[in-house]
Amino acid sequence: LMTDEKTAAAPVKPHLPDAAKVTSVTHWTDRLFSFRVERPRTLRFRSGEFVMIGLLGDTGKPLLRAYSIASPAWDEELEFYSIKVPDGPLTSRLQHIKVGDEIILRPKPVGTLVHDALLPGKRLWFLATGTGIAPFASLMREPDTYEKYDQIIMMHTCREVAELEYGRQLVDSLKDDPLIGEMVGDKLLYYPTTTREPFARMGRVTDNLSSGKVFADLGLPPMDRATDRAMVCGSLAFNVDVKAILEGFGLREGANSDPQEYVVEKAFVGDGI
Ligand code: FAD
Ligand code: A2P
């Protein structure tokens, strides 16, 4: 009888392990989108960390990728900012998620782009290309950022103007944010640039640091180990080039277990698309 009942039952939608329900989706360009999901009650993380998220693959096994949490640690929801790789195993499908869908979210946050991995300083530089702005979208909304530093400089470079829009709107929304707007005040200096489309400011993060253009434009002294701290997130090539520049200013790479003057994380693995 039991067996008969089971066979007769309607097919059940497979329940995702570590499921998180999508609450909003925004498409920024044909290659970029962001989305928010319900935050698992038990998930604690430090602003700047990443988690593994994904969907069920065709074989029924989870297809997971690393994603920076773009929302701050105090937010009731979790936000992610994502690339769309046309034939990417995950993002070719993830780009089609809708409100009410479920993703898989492994609740084990990790990462080096956290305040604990840096020694105290006066100025904090966020250096990013492309989706590498995601951890800084979290850290720019984190009260600790403004409690620990006098000035925060967000340098973000993309090929085209439209690719800067997610970051631009986020920075723009900060001053009216009821929670941290007052803390942000004039402390955050935003320095977006493009490299392949005319824009108010142009050039690679690396070139604008090496030439001293960004210091001149913002009226800041050059980086100094005594006062400046940096967090870096971009392609491997970007990270390697930025590290050399930071080391040239005398900054040393730190980690959770050994805080120093700068920390680095890859925004993705591979050569880019
Ligand atoms: P994959 O097979 O994973 O990638 C295919 C190729 O696409 C890669 O070889 C690379 O050349 C290119 N690519 C992948 N991701 C990117 C990207 N973000 N920007 C430009 N080119 C890319 N991705 C995000 O979109 N947002 C994040 O917040 C994010 N955080 C990450 C944090 C860490 C620590 C790491 C290691 C990766 C992160 N990634 C992030 C990349 C992400 O893990 C996947 O690679 C991405 O979602 C594409 O998955 P896929 O299966 O479609 O293609
Ligand atoms: P550029 O247009 O001069 O290559 P991508 O889309 O290739 O990941 O690049 C995103 C942004 O990062 C682009 O503006 C690109 O500039 C810049 N970029 C790529 N590689 C480096 C690097 N090694 N150092 C500094 N900026 C880089």
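Predicted model: local features only at pLDDT ≥ 70, side-chain atom pairs only at ≥ 80, totals over all residues.
A backbone N or O atom of Y81 sits 2.8 Å from a nitrogen atom of ligand 1. An oxygen atom of ligand 1, for its part, has a backbone N or O atom of V269 at 3.2 Å.

Stepping back, the protein splits into domain 1, covering 19-110, and domain 2, covering 115-266. Each of them brings 22 residues to the contact between the two. In general, the size of an interface is often quoted as the accessible area lost when the parts come together. Here domain 1 and domain 2 bury about 1800 Å² between them, and 59% of that falls on carbon and sulfur atoms. Y81 turns up again at this point: together with W28 and W74, it supplies 37% of the area that domain 1 buries against domain 2, more than any other three residues.

What holds charge against charge across this interface? The rule finds 3 salt bridges between domain 1 and domain 2. Polar contacts also span the boundary, with 10 residue pairs found across the interface of domain 1 and domain 2. As for the side of domain 1 that touches domain 2, strand 1 (19-29), strand 2 (32-38) and strand 5 (77-83) each supply at least two of its residues. Strand 5 gives the most, with 4 residues. Sorted by type, the residues on this side of domain 1 come out as 11 nonpolar, 7 polar and 4 charged.

Over the whole structure, the search turns up 15 salt bridges. One pair is R31 and E163, whose side chains meet with N and O 3.9 Å apart. This pair ties together distant parts of the chain, 132 residues apart: R31 belongs to the loop between strand 1 and strand 2, while E163 belongs to the loop between strand 8 (151-158) and helix 5 (165-174). Another pair is R46 with D116, where the closest N and O atoms are 2.7 Å apart.

That leaves ligand 2. Which residues surround ligand 2? The list runs T129, T157, C158, R159, T195, R196, R204, T206, A237, F238 and D241. Several of these can be followed down to individual atoms. The side chain of T195 has an N or O atom 2.6 Å from an oxygen atom of ligand 2. The side chain of R196 likewise places an N or O atom 2.6 Å from an oxygen atom of ligand 2. C158 takes part through its backbone, with an N or O atom lying 3.4 Å from an oxygen atom of ligand 2.

Terms used:
Residues numbered from 1 in each chain as written. Chains lettered and ligands numbered in written order. Heavy atoms only, no water. Domains from an automatic or database assignment. Contact = heavy atoms within 4.5 Å. Buried area = accessible area lost by both parts, 1.4 Å probe. Salt bridge = Lys/Arg side-chain N within 4 Å of Asp/Glu carboxyl O. Polar contact = N/O pair within 3.5 Å; in protein donor to acceptor, adjacent residues only side chain to side chain. Nonpolar A, V, L, I, M, F, W, Y, C, P; charged D, E, K, R; others polar. Near = heavy atom within 4 Å.
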